[in-house]
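Hello,

Here is the structure I promised to pass along.

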Amino acid sequence: MEKAQKAVDSVVDGVKKVAIGEKKQKVKKDKAGDGGADAGPLELNPAPQFLDDRLQLFNKLKEKFDAEIAAKPREPITITLADGSIKTGTSWETTPADIAKGISNSLFKRTVVAKLNGDSEQLWDLERPLEASCKLELLSFDDEDGKKVFWHSSAHILGEASERRFGCSLCIGPPISDGFYYEMGLPEGAAVQQSDWKPLETLVSKIVKEKQPFERLVLSKEDLLEMFKYNKYKQHIIKDKIADGTSTTVYRNGPLIDLCRGPHVPNTGRIETFAIMKNSASYFLGNKDNDSLQRIYGVSFPDKKQMAEHKKFLEEAAKRDHRKIGRDQELFFFHELSPGSAMWLPHGTRIYNTLQEFIRNEYWKRGYNEVITPNMFNSELWKTSGHWDYYKDDMFTFGVEEKDIFALKPMNCPGHCLMFDHRERSHRELPWRVADFGVLHRNEASGALSGLTRVRRFQQDDAHIFCREDQIEDEITSLFDFLQTVYGAFGFTFKMKLSTRPEKFMGKRETWDMAEAKLESALNGFCKAGGAPWELNEGDGAFYGPKIDITISDCLRREWQCATIQLDFQLPQNFGLEYMTSEMVIKPKEEASEPAPKKEKVEAPPPEAGAKKERVYKPLTPGCARPVMIHRAIAGSIERFTAILTEHFGGKWPFWLSPRQILVIPVGVGFFDYAKEVQTIFKEQKMFVDVDLSGNTLQKKVRTGQLAQYNFIFVVGDQEMKGREVNVRNRDDPTTQDRGKPVALQEAIEKLTALRDSKKSDNPFPGDAKPAEKPAKA
């Protein structure tokens with residue numbers, strides 16, 4: 001049964017993790033303005049017949065299931081709580097709810113779900129009897145697993161309301177990072193309207209007040225097909241994902257019964273506040289060739305205070321939306337003639353180039369060599385690397401000269417393997433660190449594109465390190481320092497997770513153990529040196545090696561994954577990479593002077609008709625060893641990182657990264673030449689300086705500069721011109737907004753140059769501000 005449950009769960013997980021199926025849908029505005037004035041009856045009357053048919057079958061099968069549970073042998077069990085205390089109970093009778101209530105009613109009310117034996121795969125309904133002795137954790141909404149269960153239960157409530165209102169065929173309703181959604185097919189392909197939101201929320205309120213219990217039932221595949229015979233989407237999932245002869249679970253609340261792994265909250269009354277956030281169109285299972293469905297998004301909380309805080313957070317996030325700021329500050333835009341490919345305007349390009357320059361400077365300090373690789377390759381490259389079978393649908397491919405298939409590269413690693421293999425390599429050359437800002441393309445579905453966070457054309461701070469096994473730990477430790485330098489410059493904190501060997505893996509177990517031990521040692525060393533604690537993410541490594549996933553936290557406490565550090569044993573083997581070890585037999589001089597013979601490509605014997613061609617790996621040359629390949633990116637996609645920075649800073653760029661650093665404002669026409677001279681002086685220092693020579697008033701010019709988020713505004717008049725000064729207003733120092741601070745020109749140059757180079761946000765001109773000169777009469 002567990003296999004079948006995981007199969008169903010994988011369908012949900014696959015769809016919720018990618019927005020690939022979501023389509024942009026125009027929202028029809030409600031002319032009445034109240035969101036529900038013309039919404040019609042609250043729910044269908046009479047109710048759809050499938051609700052009653054489904055419920056009758058459920059009750060019949062539930063009676064049989066309950067009898068089976070009642071017949072289970074009762075035995076004494078021990079329940080060990082998180083604090084180490086031990087409670088006694090009886091198998092198939094004692095529930096986590098009993099344990100929670102035995103401690104306090106307030107604990108029970110706070111608890112969303114139970115976790116058994118520290119395993120997130122063993123989340124347990126509070127009212128479900130325990131079957132054996134176990135370790136028990138009682139999780140609240142504040143726990144990540146608890147939050148997912150709470151939102152999953154809320155999705156079921158939304159599903160019930162949708163069935164009652166539309167008579168729809170439900171598809172999937174998973175929790176997501178900021179709430180949940182339910183996907184459904186409405187009769188005759190109808191669309192959800194914004195005017196449906198209020199009636200749905202009214203139905204949800206009724207469902208919550210009824211405190212409908214969530215009931216769990218295990219069903220065979222045959223019974224599932226009978227129960228959901230009215231719903232072609234459920235039929236597809238059951239037939240495709242649940243093996244014959246196996247069973248899985250459904251959950252009921254009120255008239256809703258849904259195919260679901262669970263678990264859920266005890267009853268619908270736990271959902272204190274609920275709100276629909278948006279709706280959109282989508283494709284069944286994310287495939288554009290399938291039916292178009294409707295998707296309704298919502299969010300819920302166990303108390304009203306958290307809902308109010310969430311809405312306030314959304315308001316702040318909307319103000320910081322990188323798409324809005326990008327438009328307002330003229331940084332970038334997108335055009336329908338090249339979807340998913342940003343058009344970087346001059347000011348946006350300044351940010352883009354400054355980020356790359358920052359990382360390039362770090363490369364120089366840390367012994368990286370920057371390389372340039374082609375944008376397109378013959379598909380044979382991806383077949384050698386192993387990407388083609390799994391990734392070709394996400395690549396832009398095209399024919400060349402009617403015989404070869406080429407593709408735009410979606411990643412740099414195979415090209416870097418070709419570079420390593422270009423000639424013989426010695427152990428003395430390792431580690432070999434190569435970095436590449438090459439343009440990458442990925443064939444994202446149009447409905448999945450979202451500003452700079454999901455694009456088709458992008459560049460990464462991509463680098464690969466080829467090293468010996470004994471160099472792994474030192475290289476990883478060096479990367480932690482790299483992370484601190486880059487993220488520290490932007491004020492980010494970060495967390496790390498070590499993902500270890502999965503069930504299906506490539507290579508020898510002892511090699512994995514060695515690699516994981518080195519990563520763990522490096523992580524522990526980082527912690528001892530003052531770094532943040534790391535988490536173990538057991539069994540979630542890539543098939544080709546363990547990895548460290550790094551998430552950063554922005555000013556709104558949102559987490560973003562940007563960096564990744566991955567060990568790879570597979571690509572060096574696929575490409576037959578090797579280096580000469582220190583034990584390599586030294587060739588005689590006369591042999592060494594002869595040109596090295598060209599490496600022969602090892603081909604597999606021709607396969608039998610219909611048989612899959614087996615990969616044949618090139619054997620190691622005597623005295624040689626395979627390098628370990630470390631994939632690493634810190635900023636990740638420059639496009640996505642720019643989006644994160646835009647929202648983190650809210651468009652108020654730090655001076656060193658700002659596309660608008662200085663605005664010079666002359667108080668009158670007589671000081672235009674001095675203003676231009678000041679501009680030239682600071683431009684020579686590689687600073688972005690503009691001059692406002694418009695006919696606007698001084699006050700309006702200053703206000704315009706402030707709204708444009710210039711870091712410094714220099715007002716210049718007679719006093720400043722005669723004294724070779726500038727009157728400085730600092731965007732980040734409120735005391736200088738109305739009255740500037742006179743600063744000698746040379747002092748301003750020195751201090752702003754130092755501020756830029758230090759990448760700090762200090763005030764270079766502390767002290768009392770003085771009034772600027774009054775505008776000169778024309």
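**Salt bridges and a helix**

E121 and R261 pair through their side chains in a salt bridge, at 2.9 Å from N to O; the term stands for a side-chain nitrogen of Lys or Arg within 4 Å of a carboxyl oxygen of Asp or Glu. E121 sits in the loop between β4 (111-116) and β5 (123-124) and R261 in the loop between β12 (256-259) and β13, so the pair ties together parts that are 140 residues apart in sequence. E121 is partly exposed because its relative accessibility is 48% (buried is under 20% relative accessible area, exposed over 50%, partly exposed in between, with a 1.4 Å probe and protein chains only). Helices (H or I, at least four residues) and strands (E, at least two) are DSSP runs, numbered from the N terminus.

Before you read on, please note that this is a predicted model, where local features need pLDDT of at least 70 and side-chain atom pairs count only at pLDDT 80 or more, while totals for chains, interfaces and linings use all residues. Residues are numbered from 1 along each chain as its sequence is written, and side-chain values use heavy atoms, with hydrogens and water left out.

The structure holds 42 salt bridges. Another of them joins D258 and K234, with the closest N and O atoms 2.6 Å apart. This pair links distant parts of the chain, since D258 is in strand β12 and K234 in helix α8 (residues 232-241), 24 residues apart. D258 counts as buried at 2% relative accessibility, and K234 counts as buried at 3%.

E362 and K365 also meet in a salt bridge, at 3.3 Å from N to O. They are three residues apart in helix α11 (residues 346-365), so about one helical turn separates them. E362 is buried at 5% relative accessibility, whereas K365 is exposed at 64%. Salt bridges link E362, K365, R366 and D481 in a network.

Now to helix α6. Its 13 residues (197-209) should span 18 Å at 1.5 Å a residue, and the end C-alpha atoms are 19 Å apart, which agrees; the expected span is 1.5 Å times one less than the number of residues. Which residues of α6 are buried? They are W197, P199, L200, L203, V204, I207 and V208. What covers them includes α5 (144-166), β13 (273-283) and β14 (292-301), where contact means heavy atoms within 4.5 Å. Just after α6, K211 takes a positive phi of about 50 degrees.

Best wishes
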